[in-house]
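These are my notebook entries on one protein structure. I set down, entry by entry, what I looked up.

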Amino acid sequence: MYCTKNITDDLYWIGGNDRRLALFENIFPVPNGVSYNSYVLLDEKTVLFDTVDKAVSEQFFENLVHALGERTLDYVIINHMEPDHCAMLKEVIMRYPDVQIVCNAKTADIIKQFFKIETDAVIVKENDTLCTGKHTFTFLMAPMVHWPEVMVTYDTTDKILFSADAFGTFGAINGNLFADEIEFEHKWLDDARRYYTNIVGKYGAQVQALLKKASNVEIGMICPLHGPVWRKDLEWFIEKYQKWSTYEPEDQGVMIAYASIYGNTENAANVLASRLADKGLKNIAMYDVSVTHPSVVVSEAFRASHLVFASPTYNGGIFPNMETVLLDLKAHNLQKRTIAFMQNGTWAATSGRQMNELVSGMKEMTVLEPTITIKSALNDSQSEEIDAMVDAILESMN
Ligand SMILES: Cc1cc2nc3c(=O)[nH]c(=O)nc-3n(C[C@H](O)[C@H](O)[C@H](O)COP(=O)(O)O)c2cc1C
């Protein structure tokens, strides 16, 4: 049966939810599922905004057919040609042969690459408009807000921004479509941050460019391609994007990411955390990088102002899971953090130096010296070294 949601008098959510998917993009765990949002507008012309992933194709077509009723489909606007949104484009064309694709030139090329079909698309550029009756749409290019062809579509009539992957989040829609109907800050923000940082975190400058463009228009509602629709408190979520895309930390706090084989590096991490807490610090998060997925550590590193990395030396290098995390942070362009290191080794501890080298390739990082060196297991005589690191972290917070 159809499962659609009314957004306005003439706009419908016709997407689907996937709670079976283990790994989004075959890499990111999605324990809360994911939604693939597609929207249809019933104006004088009918307009489909993107499609969905093939995992929810059956539901999508049932929804589309129901929403259109007796009508046919006139336009499909493609904001993002990634297959989790446009896997169904070819079938849409087969079902509605007269449908007019509206997209930019880059998207047209990518359609050809994926589907090996020629399309007679209406090619749009920055600030071009399309009138569908009551509604007039403006197109704003948003390259690399996730892929190079991405654009967003602004409905000048109802002040709705169809924002593609921007303002999306992991998490299936559990009945309530609107962000103001759910406890977003408590139950969704971590997933939203993990989505942003891992999917578009690298492209802060491009997200900034889009935010600047978006600030020139009055936005009453945001319809993203994943997660809930925003119609209230938009500024709150836009402010999060502002922080994330400028790599400013959200919280003054410490994230300790450690690796440990036998438990001694873990012990040192625990001692450090415990002493930070003794000095009154409340915002401390700890992750074993062999247990916690790197996407969580990346997300937490975007959140916290101070990061501690503790790793054994492993075959002359950094413990592999820790190296993965650090490379991931570098790949996602993380900047503007204060960092401290702990290294461990039984015969020649070098992981600290190597972690430092990796971080030194990242922008605006402040490294707190000295790195604590553990020889197999922490000694009681190193108590002062730990206290010195605690003091250095806390002083750098003031
Ligand atoms: C496969 C393997 C490779 C290792 N390579 C090194 C090394 O290159 N240099 C070194 O000093 N210790 C090396 N170690 C020893 C560990 O780094 C050391 O025992 C450390 O104390 C382990 O910390 P943990 O108790 O937190 O696991 C290696 C251990 C293993 C299992």
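**Entry 1**

I began with strand β12 (residues 129-131) and strand β13 (residues 136-141), which pair in the antiparallel sense over three bridges. I note at once that the model I am reading is a predicted one. Within this pair, T129 stands opposite T138 in β13.

Next I asked which strand pairs with β13 over five bridges. It is strand β14 (residues 151-155), and the sense of this pairing is antiparallel. I looked up two of the residue pairs: L140 stands opposite V152 in β14, and F137 has D155 in β14 as its bridge partner.

I recalled a general point here: strands of a sheet pair through backbone hydrogen bonds, either parallel or antiparallel.

These strands belong to an open sheet of five strands in the order β12-β13-β14-β15-β16, and its pairing is mixed. At the edges I found β12 and β16 (221-223), each of which pairs on one side only. With direction ignored, neighbouring strands of this sheet are turned by 20° against each other on average.

**Entry 2: The seven-stranded sheet**

I turned to another open sheet, in which seven strands follow the order β1-β2-β7-β8-β9-β10-β11 with mixed pairing. Why is one side of β1 and of β11 left without a neighbour in the sheet? Both β1 (5-6) and β11 (122-123) stand at the edges and have a single partner strand each, so one side of each has no neighbour there.

I checked several pairings in this sheet. Strand β2 (residues 11-13) and strand β7 (residues 39-42) run antiparallel and are joined by three bridges. Here Y12 has V40 in β7 as its bridge partner. Helix α1 (residues 57-68) packs on the sheet and touches β2, β7 and β8 (46-49). The direction of α1 makes about 10° with that of β7.

Further along the order, I read that strand β9 (residues 75-77) and strand β10 (residues 100-103) run parallel, with three bridges between them. I77 has V102 in β10 as its bridge partner. β10 and β11 also run parallel, joined by two bridges, and C103 is partnered by I123 in β11.

**Entry 3: Two domains**

I looked up how the protein chain is divided, and found domain 1 (5-245) and domain 2 (254-395). Their C-alpha centres lie 38 Å apart. How many residues does each domain give to the contact? Domain 1 gives 10 residues, and domain 2 gives 10 residues.

On the side of domain 1 that touches domain 2, β5 (28-29) and α5 (184-199) each supply at least two residues. The most comes from α5, with four residues. I sorted this side of domain 1 by class and noted three nonpolar, four polar and three charged residues.

**Entry 4: The annotated span and the ligand**

The UniProt record, an unreviewed entry, carries the annotation "domain: Flavodoxin-like" for residues 254-394. I computed that this span is 42% helix and 26% strand, and that its end C-alpha atoms lie 10 Å apart.

I then asked which residues are the closest to the ligand. Of the 19 residues that surround the ligand, these are I261, Y262, N264, T265 and G345. At least two residues of the shell come from each of α8 (264-278), β19 (304-314) and β21 (338-345). By class, the shell has seven nonpolar, 11 polar and one charged residues.

**Entry 5: Two backbone details**

I kept a general rule in mind for this entry: most residues other than glycine have a negative phi, and most peptide bonds are trans.

The bond that joins E369 and P370 is a cis peptide bond, with omega about -5°. I located P370 in the loop between β22 (366-367) and β23 (372-375).

Y247 is a residue other than glycine with a positive phi, near 60°. Where does Y247 lie? I found Y247 in the loop between α7 (234-245) and β17 (251-258).

Note on methods:
Residues numbered from 1 in each chain as written. Predicted model: local features only at pLDDT ≥ 70, side-chain atom pairs only at ≥ 80, totals over all residues. Pairing = 2+ DSSP bridges. Contact = placed C-beta atoms within 7 Å. Axes fitted to C-alpha atoms, helices over the stretch in contact; angles between N-to-C directions. UniProt positions renumbered as here; feature names shortened; annotations may be inferred. Near = placed C-beta within 6 Å. Nonpolar A, V, L, I, M, F, W, Y, C, P; charged D, E, K, R; others polar. Domains from an automatic or database assignment.
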